[in-house]
Amino acid sequence: MSARDRILTKLRAAQPAQPNAMPDLDAHYTPRVRGESKAERLARFRTGIESFHAEVHISSEADWPALLARLCADKQVATMLYGADTPAGQRLDQATFPATTLRPWSGQVEELKADLFHRVDAGFTQTRGAIAETGTLMLWSSEAEPRTLSLVPPIHFALLDADTIQPTFFDVLRTENWAAGLPTNALLISGPSKTADIQQTLAYGAHGPKELVVIVINAEGDAQ
Amino acid sequence: MSHQPQQQSSGQPIAFVSAQALRARMHDAVNDPHLRQSFRGAMDFLMAKRAAQFPDQDELDSLRALSEGIRQYSLSKLPDLLEQLEANLTRNGVKVHWAETPDEANAIMLDIARRHSAKLIVKGKSMVSEEIEFNHAMEAAGVGALESDMGEYIVQLAGEKPSHIIMPAIHQTKQQIAKLFAEKIPGVDYTDNVDALIRIGRNVLRDKFESADIGLSGVNFAVAETGTLCLVENEGNGRMCTTVPKVHIAITGIEKIVEKLEHVAPLYSILTRSATGQAVSTYFNMISGPRKAGDKDGPEEVHLVLLDNGRSQAYADEQLRKTLQCIRCGACMNHCPVYTRIGGHAYGTTYPGPIGKIISPHLMGLEQTHLLATASSLCGACGEVCPVKIPIPELLIRLRGEANSAPHANPAMVGQGAAYDPKISFVWRMWARLYARPATYRAFSWLATRFRALTPRKQSGWTAARTPLQPASRRLRDMVKDRR
């Protein structure tokens with residue numbers, strides 16, 4: 001008998017005849033629904049993620065590429081990596097980035113690993129949405145925007161559409177039905193990388209990005 | 001005389017010190033003012049941070065009840081969920097392995113390492129890998145295993161073990177770490193600036209993430225319905241280990257499983273708030289497979305090792321099964337008056353503090369661990385803060401009973417009766433009979449007050465640090481009679 005079968009046999013012998021009743025998550029979450037407006041959700045998201053040391057800039061659908069270019073110049077980003085095959089990626093034009101070389105991701109990570117680790121200063125990604133309760137961004141990895149894009153470069157620029165901010169993580173899992181199909185890697189990100197492992201002293205830029213910069217668009221108006 | 005324990009299935013030493021030396025180690029720890037000061041400070045800090053995360057008692061009560069319900073529901077279906085998890089992970093392209101013992105788990109992972117001719121394994125934080133002495137097993141086979149969580153990296157560099165499951169290097173001061181880095185890392189000068197120290201660690205470890213052949217991680221929640229491994233972290237080293245190397249191996253105990261993806265939402269929230277008093281961790285990393293056709297990065301192979309190592313023994317008993325509800329937040333140790341005074345190393349087990357006292361006997365047998373349950377004042381703080389409501393004080397009493405009861409057939413645990421002493425047992429049996437009969441008890445107390453002068457001055461362990469006990473000159477019942 002294999003280890004698998006031995007473990008399962010032991011567990012089956014001890015398993016309760018009837019499983020417990022399915023936990024009632026709605027009983028906890030429904031009475032705590034806030035009924036916030038879009039502006040209130042954005043404000044709560046912003047307070048949360050800023051408390052985790054992220055930078056938040058409000059921009060617009062028309063202006064964000066110019067803002068990104070200015071932020072890159074301010075932060076002396078010489079090279080920024082991004083996914084070109086996304087709606088946001090297609091808006092980036094080298095001509096508007098006088099101080100920064102835009103480098104679209106191409107090929108497998110093995111082909112650009114050395115550059116990714118040593119020569120790229122910033123990565124730019126879209127986001128799937130955000131969570132107001134905790135000040136959290138949601139990213140799904142894709143062919144166009146691989147996992148390391150938001151991890152290895154020292155600065156992570158993230159573009160967020162204010163219409164995609166949801167109240168809680170539970171709301172996200174329910175309304176977007178993530179259980180129906182997850183990507184290889186789904187990520188929740190709340191601020192730049194940090195550690196308090198030395199004498200409980202908070203330090204940023206442990207292993208991942210040292211800075212997280214969020215550019216919010218569609219901040220005005222009601223949610224669609 | 002102690003009961004002959006059943007042979008532990010693994011021949012390798014899992015404890016890094018003998019639990020027999022527990023008393024001496026605790027004595028030394030209590031008498032170390034620096035250690036006590038650093039733990040007192042750190043625990044006060046963590047308790048205050050946790051309290052600040054739960055301003056609304058109703059919300060906390062409701063969330064704890066829900067979290068307990070989810071964990072108990074998951075355990076009630078454990079074998080079914082493990083099969084479902086295996087099927088869905090396999091469908092997602094993840095290879096699932098099963099191990100009953102630490103030796104089996106290490107052999108599985110060594111086999112993977114050999115197949116890839118791996119020289120370096122870079123590790124995210126995993127207490128299960130500590131439990132099975134993974135680093136030693138790999139090093140013995142000539143494969144490097146490097147910790148990359150900052151706290152774990154410090155502890156490994158110092159040749160130590162973690163003293164806390166969430167904050168492994170909590171016992172070290174920044175000056176000690178500064179000295180350690182200057183001594184052990186080539187080209188590094190002494191600095192006790194925390195930002196500078198973290199920068200040094202970052203630079204060393206970035207090169208390792210880039211060059212490592214395999215990344216190893218633990219698992220916080222494994223989701224059966226989707227075949228997803230969830231990891232909670234702040235540093236990004238967990239993402240590095242699970243994303244950059246060509247192979248990712250995750251290892252977890254068989255109990256860390258939930259059925260529904262939505263079940264992780266409340267558990268994740270109560271985990272970070274209970275552990276470090278954070279509303280949320282920096283990263284929540286949900287992995288559902290290796291690099292797929294079209295993907296540009298991620299590991300080409302993902303493995304999951306499911307480890308039993310005594311957990312099925314806890315599972316077999318309805319009361320002891322509650323031990324497996326644990327989500328490893330560490331709040332029980334942060335609030336434990338014993339842990340705060342002796343620190344994590346004195347216990348001599350992988351998992352220190354209250355959770356260590358109730359899980360270690362299943363991993364290592366009561367023979368080695370029966371003293372742990374006695375290192376408690378049963379104050380109840382651990383049970384009160386536990387986010388999944390494990391009745392830790394009840395379980396400590398149960399374990400004391402298992403250790404001290406006369407050996408019997410079909411014991412619930414390996415090492416049952418390990419602390420059984422026929423003489424002590426006889427005294428307690430006599431006392432129980434005396435106490436259960438009012439007439440004999442009255443006669444006994446009458447005699448005890450009359451002959452109190454005969455009480456011995458030396459009363460074994462009691463008088464080692466206290467004045468001797470002596471019956472009062474008058475019985476309570478006589479004093480009450482006078483009042484009437």
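**Entry 1: domains of chain B**

A domain here is a part of the chain whose bounds come from an automatic or database domain assignment. I kept in mind that I am looking at a predicted model. I looked up chain B and found domain 1 (25–49 + 313–404), domain 2 (56–309) and domain 3 (422–483). I then checked the spacing of two of them: taken over C-alpha atoms, the centres of domain 1 and domain 2 of chain B are 22 Å apart.

**Entry 2: where domain 1 meets domain 2**

How many residues of domain 1 of chain B are in contact with domain 2 of chain B? I found 26, and they meet 28 residues of domain 2. On the domain 1 side, helix H2 (33–53) and helix H14 (331–334) of chain B each give at least two residues. H2(B) has the largest share of that side, with five residues. I also sorted this side of domain 1 by class and got 15 nonpolar, seven polar and four charged residues.

**Entry 3: a sheet in chain A**

Next I turned to chain A, where six strands make an open sheet with parallel pairing, in the order S1-S12-S7-S4-S2-S3. Which strands sit at the edges? They are strand S1 (55–58) and strand S3 (101–104) of chain A, each pairing on one side only. On average, neighbouring strands of the sheet are turned by 25° against each other, direction ignored.

I followed one pair along its length: strand S7 (residues 155–161) and strand S12 (residues 211–217) of chain A run parallel and are joined by seven bridges. A:Ile155 has A:Glu211 in S12(A) as its bridge partner.

**Entry 4: a helix across the sheet**

Last, I looked at helix H4 (residues 64–74) of chain A, which lies across S1, S2, S4, S7 and S12 of chain A. H4 runs at about 160° to S12(A).

Terms used:
Residues are numbered from 1 along each chain as its sequence is written. Chains are lettered from A and ligands numbered from 1 in the order in which they are written. This is a predicted model: local features need pLDDT of at least 70, side-chain atom pairs count only at pLDDT 80 or more; totals for chains, interfaces and linings use all residues. Two residues are in contact if their C-beta atoms, placed from the backbone, lie within 7 Å. Helices (H or I, at least four residues) and strands (E, at least two) are DSSP runs, numbered from the N terminus. Ala, Val, Leu, Ile, Met, Phe, Trp, Tyr, Cys and Pro count as nonpolar, Asp, Glu, Lys and Arg as charged, and the others, Gly among them, as polar. Two strands pair if DSSP finds at least two bridges between them. Axes are lines fitted to C-alpha atoms, for helices over the stretch in contact, and angles run from 0 to 180 degrees between N-to-C directions.
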